[in-house]
Amino acid sequence: MDFNADDANIFENMVTGGADRAKVYIETYGCQMNVNDSEVVASILIANGYAITSKLDEADAILINTCAIRENAETRVFGRIDLFGQYKKGKPSVIVGVLGCMAERLKDRLLEEKKVVDLVVGPDAYRELPVLLRAAEEGQKGINVLLSREETYADISPLRLDKNGVSAFVSIMRGCNNMCSYCVVPYTRGPERSRDPHSIVREVQELVSAGYREVTLLGQNVNSYYWEEQKGLLKHKVNFSDLLEMVALVDPRLRVRFSTSHPKDLTDEVLYTMAMYENISNHIHLPVQSGSTRILQLMNRKYTREDYLNRINAIRRILPDCAISTDIITGFCTETEVDHDMTLSLMSEVGFDFAFMFKYSERPNTKAARHLSDDVPDEVKTRRLTGIIELQGKLSQQSKEADIGKRFEVLIEGESKKSRDEFYGRTSQNKVVVFPRGSHSIGEYVYIVVTGCTPATLIGKIVKE
Ligand code: 5AD
Ligand code: SF4
């Protein structure tokens with residue numbers, strides 16, 4: 001039987017910390033925040049006497065960090081849990097734990113329905129993991145799914161899961177207060193809370209000292225980042241624009257990205273800060289979800305089509321070279337062909353450089369599940385999604401073709417998968433470029449002229465400054 005996880009993130013390099021330590025294998029599904037959470041989990045485990053392994057067959061414990069955002073994400077994880085059940089038959093001592101959003105959503109039902117599962121731990125309870133693992137070693141099943149108003153793991157330096165040592169995720173806040181009607185995240189990740197900016201800057205400084213050249217500041221809604229502290233008689237306030245500036249100032253060689261922005265909170269102030277610092281990446285991920293104001297209202301997104309287009313105009317005005325990407329949900333409750341056409345027309349009007357596109361998937365207990373009917377038939381969702389993907393394919397192609405002949409600064413991230421003679425890296429606009437490596441090294445910046453493109457990447461060659 002093949003137990004390989006094709007599309008999950010795992011730690012590539014084994015971190016032993018001592019041969020006698022119990023070994024934990026961690027598999028991660030879902031968003032960048034989950035990847036970063038697994039790095040926090042690994043750091044907590046190592047500090048408590050465990051080792052991390054990339055090899056399933058060496059593991060004394062298997063942890064799956066899960067995603068609950070759409071039904072198919074959960075189906076995939078259930079498949080993995082069943083497979084680990086098979087595996088456990090041959091090695092009964094192995095502990096299986098479910099972490100993250102599915103743990104939070106399903107709670108003790110996971111222990112009841114999946115006998116193979118020994119541990120269920122929600123996103124705010126990872127400090128408890130060593131205690132729960134030790135109890136599981138004694139044969140006790142364990143659960144902690146308490147959500148917190150304060151936990152940001154601010155003092156924990158994540159153990160980096162990435163393979164290249166060039167780019168790292170830095171979590172700046174947790175949770176979400178937006179209550180978009182389709183979304184399970186406010187229930188699985190709890191209320192929004194921001195992390196102390198000093199701990200963020202410290203983590204970024206450590207990354208720079210360790211040779212990292214790019215950070216991505218992560219949050220469900222980074223634009224509502226807010227920190228307040230008393231300094232003598234004065235209240236010192238830090239908003240997202242201030243934080244972005246603080247991070248950009250750590251080192252001019254450090255490229256700063258962030259994700260995700262909510263259109264209702266993306267201020268001109270943030271755009272001006274981006275314009276002021278060359279090392280803040282010229283890319284904004286701005287999920288629109290739908291081009292129809294009526295659907296946006298049902299989704300509780302708190303902006304109209306016009307408000308969204310107004311934000312796009314502000315980006316184009318203040319940051320003419322900025323790439324814009326988005327998320328789109330098709331087939332939300334009551335969506336008509338007219339609503340769908342409005343999504344298509346908005347896509348063309350904006351000309352997104354890139355998009356993540358999904359069929360609406362009803363999530364239990366969300367506002368939409370409680371108050372609206374999931375009434376667009378699956379075949380209609382599929383047809384509309386196909387139309388959206390086709391259109392985005394053309395827009396992405398146009399976006400890449402428009403780069404041909406232009407010069408970009410590219411951060412080298414690694415060897416190209418196809419050839420050892422080529423590197424890949426990304427432009428400030430977050431587009432991947434493949435080019436002959438010359439005498440350069442991973443982690444360096446080079447200037448590239450784009451000479452062509454494939455459906456997936458730009459092709460270029462290194463030029464002198
Ligand atoms: N169904 C489909 N897509 C969803 N997303 C969030 N919840 C759902 C859902 N219930 C999408 C949104 C969000 C992205 C992370 O996932 O587009 O921006
Ligand atoms: Fe979900 Fe909306 Fe929060 Fe994003 S902003 S995590 S879509 S509730």
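Predicted model: local features only at pLDDT ≥ 70, side-chain atom pairs only at ≥ 80, totals over all residues.
Let me begin with a contact: a polar side-chain atom of Arg70 lies 3.0 Å from an oxygen atom of ligand 1. Ser361 contributes through its backbone instead, where an N or O atom lies 2.8 Å from a nitrogen atom of ligand 1. On its own, ligand 1 has 400 Å² of accessible area, and the protein covers 86% of it.

Which residues are around ligand 1? They are Ile69, Arg70, Tyr182, Gln289, Asp327, Ile329, Phe358, Lys359, Tyr360, Ser361 and Arg363.

Gln289 is placed in the loop between strand E15, residues 283-285, and helix H10, residues 293-298. Its phi is positive, about 75 degrees, although Gln289 is not a glycine. For context, most residues other than glycine have a negative phi.

I turn now to the strands beside this ligand. Strand E16, residues 323-330, and strand E17, residues 354-359, each supply at least two residues of the shell around ligand 1. E16 and E17 run parallel and are joined by six bridges. Asp327 has Phe356 in E17 as its bridge partner, and Thr326 stands opposite Ala355 in E17. Together with helix H12, which spans residues 337-350, E16 and E17 make a right-handed β-α-β unit.

These strands belong to an open sheet of three, in the order E15-E16-E17, with parallel pairing. Its edge strands are E15 and E17, each of which pairs on one side only. From one strand to the next, the twist averages 10 degrees.

The second ligand has its own surroundings. Around ligand 2 we find Cys176, Asn178, Met179, Cys180, Tyr182, Cys183, Val185, Pro186, Gln220, His262 and Arg301. How does the shell around ligand 2 divide into nonpolar, polar and charged residues? The division is seven nonpolar, three polar and one charged. Tyr182 is listed around ligand 1 and also around ligand 2.

A further local feature concerns the peptide bond between Ser259 and Thr260, which is cis, with omega about 5 degrees. Thr260 is found in the loop between strand E14, residues 255-259, and helix H9, residues 268-276.

Next, a hairpin. Strand E12, residues 226-231, runs antiparallel to strand E13, residues 234-239, and six bridges join them. Among the paired positions, Gln230 has Lys235 in E13 as its bridge partner. Two residues lie between the strands of this hairpin, and Gly232 in the turn has a positive phi of about 60 degrees.

Finally, the barrel. In what order do the five strands close into a barrel? The order is E18-E19-E20-E22-E21, and the pairing is mixed. With direction ignored, neighbouring strands of this sheet are turned by 50 degrees against each other on average. Strand E18, residues 407-415, and strand E21, residues 445-453, pair in the antiparallel sense over five bridges. Within that pairing, Leu411 has Tyr445 in E21 as its bridge partner.

Thank you for your attention.

Note on methods
Residues numbered from 1 in each chain as written. Chains lettered and ligands numbered in written order. Heavy atoms only, no water. Near = heavy atom within 4 Å. Polar contact = N/O pair within 3.5 Å; in protein donor to acceptor, adjacent residues only side chain to side chain. Areas by Shrake-Rupley, 256 points an atom, 1.4 Å probe, with all protein chains shown as cover. Helix = DSSP H or I, 4+ residues; strand = E, 2+ residues; numbered from the N terminus. Pairing = 2+ DSSP bridges. Right-handed = clockwise from strand over helix to strand, strands pointing away. Axes fitted to C-alpha atoms, helices over the stretch in contact; angles between N-to-C directions. Nonpolar A, V, L, I, M, F, W, Y, C, P; charged D, E, K, R; others polar.
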